[in-house]
Amino acid sequence: METVHFQVYVFSITVYGGIIIGLAYDMYRAIKGVHRTKGLITSLWDILFLLMTLMIAVWAIFSSNYGDLRIYVFIGFVVGFFLYERIISKIAVALFSYILQSIRAAVKRGSRLIILPLRFLWYFIVRPFSIIREYLKTKIIKTKKKALLPKKLLRDAKKYYKLIIKRDNHKEDEKRL
């Protein structure tokens, strides 16, 4: 038979478990509020939250009374969650949102520091080579067109050779008459 002191101890541990679950729920809300995901990603976040909640509940139950489930254990979780929601939740959500926005801003600044040298490399190393490549490409195309010009002229001359000869012969015949 369990003593009252042990039951109060188990109840207080489950109240703390409910508070931790409330804290995890606010972290989850803050992360979802910052990222605004949809579809499969949201489902994965939900499953991750449920698994984390399950781990917190199992930890609280097994660390307090070795897995023995009583009605006051469930009442302790509910009381802890609602105490957290009424007293601490608004402050925690604001704090988590601020922390996440600060992390996002720091990552943005850090990425700018990484991108700056890459831009330098692009403008002073890669870009000149790409400009030279494009210039040479247009020159090669023009050179190929010029190289093909005599071939085209020869083909056209063959094509119109008989016509030109007939005209010249016709003009000579007119001069003789």
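Three salt bridges were found in the predicted model, a salt bridge being a side-chain nitrogen of Lys or Arg within 4 Å of a carboxyl oxygen of Asp or Glu. The model is a prediction, in which local features need pLDDT of at least 70 and side-chain atom pairs count only at pLDDT 80 or more, whereas totals for chains, interfaces and linings use all residues. Residues are numbered from 1 along each chain as its sequence is written, and side-chain values use heavy atoms, with hydrogens and water left out.

One of the salt bridges joins R29 to D26, with 2.6 Å between the closest N and O atoms. Both residues belong to helix α1, where they are three residues apart, about one turn of the helix; helices are DSSP runs (H or I, at least four residues) numbered from the N terminus. Solvent exposure was classed by relative accessible area (buried under 20%, exposed over 50%, partly exposed in between; 1.4 Å probe, protein chains only). D26 has a relative accessibility of 0% and is therefore buried, while R29, at 34%, is partly exposed.

A salt bridge also links R70 and D68, the closest N and O atoms lying 3.1 Å apart. R70 is partly exposed at 37% relative accessibility, and D68 is partly exposed at 27%. The side chains of R133 and E134 form another salt bridge, at 3.7 Å from N to O. Here R133 counts as exposed, with 52% relative accessibility, and E134 as partly exposed, with 38%.

Six aromatic pairs were identified in a search of the whole structure. Rings of Phe, Tyr and Trp (its six-membered ring) were paired if their centres lie within 6.5 Å, and planes under 30 degrees apart count as stacked, over 60 as edge-to-face and the rest as tilted. The pair of Y28 and F49 is stacked, because the ring centres are 4.8 Å apart and the planes are at 20°. Y28 is located in helix α1 (residues 4-35) and F49 in helix α2 (residues 40-65), so this pair ties together parts that are 21 residues apart in sequence. Both Y28 and F49 are buried.

The rings of F81 and F82 form an edge-to-face pair, since their centres are 5.8 Å apart and their planes stand at 75°. F81 is partly exposed at 23% relative accessible area, and F82 is partly exposed at 47%. Ring pairs connect F81 and F82 with Y25, Y28 and F49 in a cluster.

The backbone at Y66 has a positive phi, near 60°, in a residue other than glycine. Most residues other than glycine have a negative phi. Y66 is placed in the loop between α2 and α3 (71-87) and is exposed, with a relative accessible area of 70%.

A surface patch of positive charge is made up of K139, K142, K145, K146, K151, K152, R155 and K159. Patches consist of residues with over 30% relative accessible area and no salt bridge, like charges being joined within 9 Å. Lys and Arg count as positive, and the place of a charge is taken as NZ of Lys or CZ of Arg. The accessible areas come from the Shrake-Rupley method with a 1.4 Å probe.

Terms used: Helix = DSSP H or I, 4+ residues; strand = E, 2+ residues; numbered from the N terminus. Patch = residues over 30% accessible without salt bridge, like charges linked within 9 Å, V, L, I, M, F, W, Y side chains within 5 Å.
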